[in-house]
Amino acid sequence: MSIFKAPSAQNAVGALLVKMREVVLSIVKWEKFRSDFEINDKTTLQRCEGSGTFAWYVYESGTHLIPLNNIEEVRNFQRDWLESLKKIEGKKPGMDDALYVLNVHTGELLSVDNFRTCNNLSERLLKTVC
């Protein structure tokens, strides 16, 4: 019998939230916009009880958490958020937005590179999970 136990799902969520907070503090400039993370994202992740994968978009005005089991929502995100950002990109210098894949079970936070130029974001996100 081993005295070592696998980390609980709650520990993985807690570790993930610590990593996420660091990202939020580095990207979301104004405290009033951090409530997306502090209220919505934290609550969602704590309620999912250590299972699930999410796409997590972080930008200077907040965050957006997308469950990866809903590919239609990922497509809407690509169309409604990323495509519209391309139109205003020249007007907003220094945009530090980032996209991550979160694995609540393991506590992983994986960066998604070149997400703005990706034609099939849902495929890219699913590849990042695997």
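Predicted model: local features only at pLDDT ≥ 70, side-chain atom pairs only at ≥ 80, totals over all residues.
I take a salt bridge to be a side-chain nitrogen of Lys or Arg within 4 Å of a carboxyl oxygen of Asp or Glu. Residues are numbered from 1 along each chain as its sequence is written, and side-chain values use heavy atoms, with hydrogens and water left out.

**Arg34**

I looked up Arg34 in the loop between α1 (9-27) and α2 (35-47); helices are DSSP runs of H or I with at least four residues, strands are runs of E with at least two, and both are numbered from the N terminus. Arg34 is buried but has no salt bridge. Buried means under 20% relative accessible area, exposed over 50%, and partly exposed in between, with a 1.4 Å probe and protein chains only. I find Glu31 to be the nearest side chain of opposite charge, 4.8 Å away; for charge, Lys and Arg count as positive, Asp and Glu as negative, and His and the chain ends are not counted. The Arg34 side chain does reach the backbone oxygen of Val28, at 3.0 Å. This is a polar contact (a pair of N or O atoms within 3.5 Å; within protein, one able to donate a hydrogen and the other to accept it, and residues adjacent in sequence counting only if both atoms are side-chain atoms). Leaving out residues up to four places away in sequence, I list Val24, Leu25, Val28 and Lys29 as touching Arg34, with contact meaning heavy atoms within 4.5 Å.

**Aromatic rings**

I searched the whole structure and got 6 aromatic pairs. Rings of Phe, Tyr and Trp (its six-membered ring) pair if their centres lie within 6.5 Å; planes under 30 degrees apart are stacked, over 60 edge-to-face, the rest tilted. Tyr57 and Tyr59 are stacked, at 5.2 Å centre to centre and 20° between the planes. Tyr57 is buried at 0% relative accessibility, and Phe77 is buried at 3%. I note a cluster of Tyr57, Tyr59, Phe77 and Phe115, linked by ring pairs.

**Helix α4**

In α4 (residues 121-129) I find Leu121, Ser122, Leu125 and Thr128 buried. Down the axis of α4, the buried residues fall within an arc of 125°, so they line one face of the helix; the arc is that of the directions from the helix axis to the C-beta atoms.
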